[in-house]
Amino acid sequence: MACLLGAGLPAAAQPSGPAAAVVGTVVAPDGTPLPGASVRLRGTRYACASDAAGHYELLAVVPASYDLDVTFVGCEPLTRRLVLRPGQTLRLGLTLRPAAQELSTVQVQGQSEATTLRNGAQAVAVLDLRPYYGQAFGLTELVNRVPGVRIRQDGGLGSNANLSLNGLGGKQVRVFLDGIPLEFYGRGLGLNVLPVSLLERVEVYRGVTPVSLGADALGGALNVVTRREQFSYLDASYELSAFNTHKAALNGRYVLPASGFYVAGNGFYNRADNDYQVQAEVISPVGTPEKQTVRRFHDRFSSALGRVEIGWQDRLWADKLALTVFGAGVDKQLQHNVQMLQAYGAARYAETSAGAALSYQKTALRPGLDVRAYAGYTRVRGALTDTSRNIYNWDGRITERRSVSSGEIVGIGSLLALTSHTGMARLNATQALGVGRRLVANVLGSSFRRAGADAIIAARQERDYARDATTLRKLVAGLAYEHDWAGGRWGSSTAVKYFGYQSGGFGKQDSGLYLETRQARQWLGANQLLRWQPAPAWVLKGSYEYAARLPDEYELFGDGVLVRANPALQAETSHNANLEVRYARPTWSAEVGGFLRAADNVIYQPPSIRDTQNQNLLKARTLGAEAAVRYAPVPALSLTLNATYQDVRSRTPLGQSGAADARYFNARMPNLPYFFGNAEVQLSRANVGGAGRRLSAWYQASYVQAFYLYWATDGFAATKATIPGQLVQHLGLSYALAGERLTLSAEVHNLADAPAYDNFNVQRPGRSGHLKLRAFLRKSS
């Protein structure tokens, strides 16, 4: 914290005896620290800014009477009257309430830790999720509103979700939950099912992934941060929506302040029939295909999670020491193949996961040293059931029965059950080297082992390759030097990273044969970030990184359902560059950014009618730009608009991949959106129907330009397979009692019932209604 210890006392101040001091913390109403808050004794030079933990200190103060003024962007100012005695150290906790304008809507910005992130050298957007607790939007829908981000889904609730950021997608962009890779928890805890009310914010890192996350990512990362209130509370919600959709979530915490002991728990249950209407080729009684509107008949989905954390916080020996245990499950009917060209009526996939983790963190373990440690284990068991001999029509009728083969997906049938064991450990340390200088080190290691069995293969007395274990061990380490100078107007970060893995296993090839592959590989990476803040309203950032992204277990060994194994995959590497300019005023803000990605050995999953396999495409280059504007002329109204353009092209040298592929040099990569944007209007009025009550309304729209499924250089434009352009609109209304003790919202998603596609021929839900009730109870201090 930066303190000014000058004179300039008010007239009433009469120096007398030893100096006094005022120390404490500045926090939000939920206990979240507010770094960068201004704390000043009015009429004097005694002033400082709170640090990252919200702590402030006013030292060597002449004993007297003062007015203490506290201010923070987005919060109401606070004034306290103080009388300081000689030699006194006054410990004073300060709580700032959000200003009315911030309560009306919060977009891709933040307070406290979010403000620190945005003002740092990292290119990062922070999506505050707290304003959306009472709304029915899912996490994927909210994250899709961040500039540069697209999450594409295969259908309704619980369908596969593919994330892309600034032109790089799939596993190139890593997703974390509280700094731990999300895949550690199994499919029961994906972005497409996580309830918003269990989370605090989402951090979207563009281009350069922080050393502290320990990620082998090419284009950036998403870190989903769970709620960490320091008080006792209970938060429950229930949503009823179209297509027989039910979502229930429970989140709570009980704290014993005297001992620092706490118990926290959260859980959710989701289910949906996903029986929305789609256009499909239905086989008529005479055997001809006819385009008809039908309801999906075999797409029921359910998922559940329970998570309990016990531990201690704010002790001398630990800021936090916690043990977490969790269990999750997914049960999903499979409706169709990759391109929705064949209906399934019996195949299904189920998965259960369970695990435990121990975490520890401590600031100032020794002078200037902050430490965070994590160790965890997860067991995941997944089972595919695909034994039906029936051939289903899109209207749910059985049109034919196979006489020999069984199985809708595999062809010979499958009762594949796979069990995986994952262990993970992380150690993060930050050492202060003086004012504005620090070293950050992070090491993340993981071990994965998977094996199983297929009862149908065993019955045929053939070799069951599923019994042969597949293994993957990874180590990612990084060291960064961070430096702020010129009063914080300049900041930089310089880092080096190490990536290494060992893998072994069997993978089925196109020929039907199985290939055993074992390999051990390692790479080095480095990055440089620079930030300049010439004036309070302006921030300019630039960054560069050379990074590697290691293939994960599902890319190497498949998922046993629709993705075949490819154990020979190579790691991806990429040169990433970002440039960003941001200007912020109290009523409006704007930001513009440009990005470059030059990737090699890109892992690409080509579209396929039945199943698919990850492959290495040699080279790709992305050039793009994004812009966002927010305008709030009055506290009750805000408008936001953002757009992203990204040009992703193959840069494989001519002749390197054979003459057949020469025509694809510099061609736009297929099956990737290149222009999309979002718009949102938020209206909010306080004290409607009573003090503290709030009525809110919102309109949101998302647009995606049409793009081709296959290479643009092939075929004629009129006959190309195309994912059509689309504009999807949402409308909502909510009413909340004081303190959000009870909130009721009603929403209509896809208001115009527009045909919606993220992937070729795979239709998303049409118009749907949503009702959500949320109750929030907080224990009085």
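Reader: Then let me start with confidence: what does the protein average in pLDDT?

Author: The general idea is that where pLDDT is low, the predicted coordinates should not be read in detail. Here the average is 85, and 91% of the residues score at least 70. Among the elements, strand β46 (residues 742-749) has the highest mean, 96, while helix α1 (residues 100-104) has the lowest, 37.

Reader: Over which residues does pLDDT stay under 50?

Author: One such stretch is residues 100-111, for which the model has 42 contacts beyond four places in sequence. Another is residues 656-660, also below 50, with 3 contacts beyond near neighbours in sequence.

Reader: Now a sheet, please. In what order do the strands of the open sheet with β11 come?

Author: In general, strands of a sheet pair through backbone hydrogen bonds, either parallel or antiparallel. In this case 3 strands follow the order β11-β12-β13, with antiparallel pairing. The edges are β11 (149-153) and β13 (168-169), each of which pairs on one side only. Between β11 and β12 (residues 161-165) there are 5 bridges; Ile151, for example, has Leu163 in β12 as its bridge partner.

Reader: Next, aromatic rings. Is the pair Tyr583 and Trp588 stacked, edge-to-face or tilted?

Author: A pair of aromatic rings is described by the distance of the centres and the angle of the planes. The count for this model comes to 18 aromatic pairs. For Tyr583 and Trp588 the centres are 5.3 Å apart and the planes meet at 50°, so this pair is tilted. Trp588 counts as partly exposed because its relative accessibility is 37%.

Reader: Which ring does the charged end of Arg253 sit over?

Author: That is the ring of Tyr262, with the charged end 4.1 Å from the ring centre. Likewise, Arg778 lies over the face of Phe231, 3.8 Å from the ring centre.

Reader: Last, Arg774: is this residue buried or exposed?

Author: Arg774 has 3% relative accessibility, so it counts as buried. The residue belongs to strand β49 (residues 768-778).

Reader: Which side chains make polar contacts with the side chain of Arg774?

Author: Asp235 does, at 2.7 Å, and so does Glu740, at 3.0 Å.

Conventions. Residues numbered from 1 in each chain as written. Predicted model: local features only at pLDDT ≥ 70, side-chain atom pairs only at ≥ 80, totals over all residues. Heavy atoms only, no water. Helix = DSSP H or I, 4+ residues; strand = E, 2+ residues; numbered from the N terminus. Buried < 20%, exposed > 50% of the residue type's maximum accessible area, 1.4 Å probe, protein only. Polar contact = N/O pair within 3.5 Å; in protein donor to acceptor, adjacent residues only side chain to side chain. pLDDT = per-residue confidence, 0-100. Contact = heavy atoms within 4.5 Å. Phe/Tyr/Trp six-rings, centres within 6.5 Å; stacked < 30°, edge-to-face > 60°. Lys NZ or Arg CZ within 6 Å of the ring centre and 35° of its normal. Pairing = 2+ DSSP bridges.
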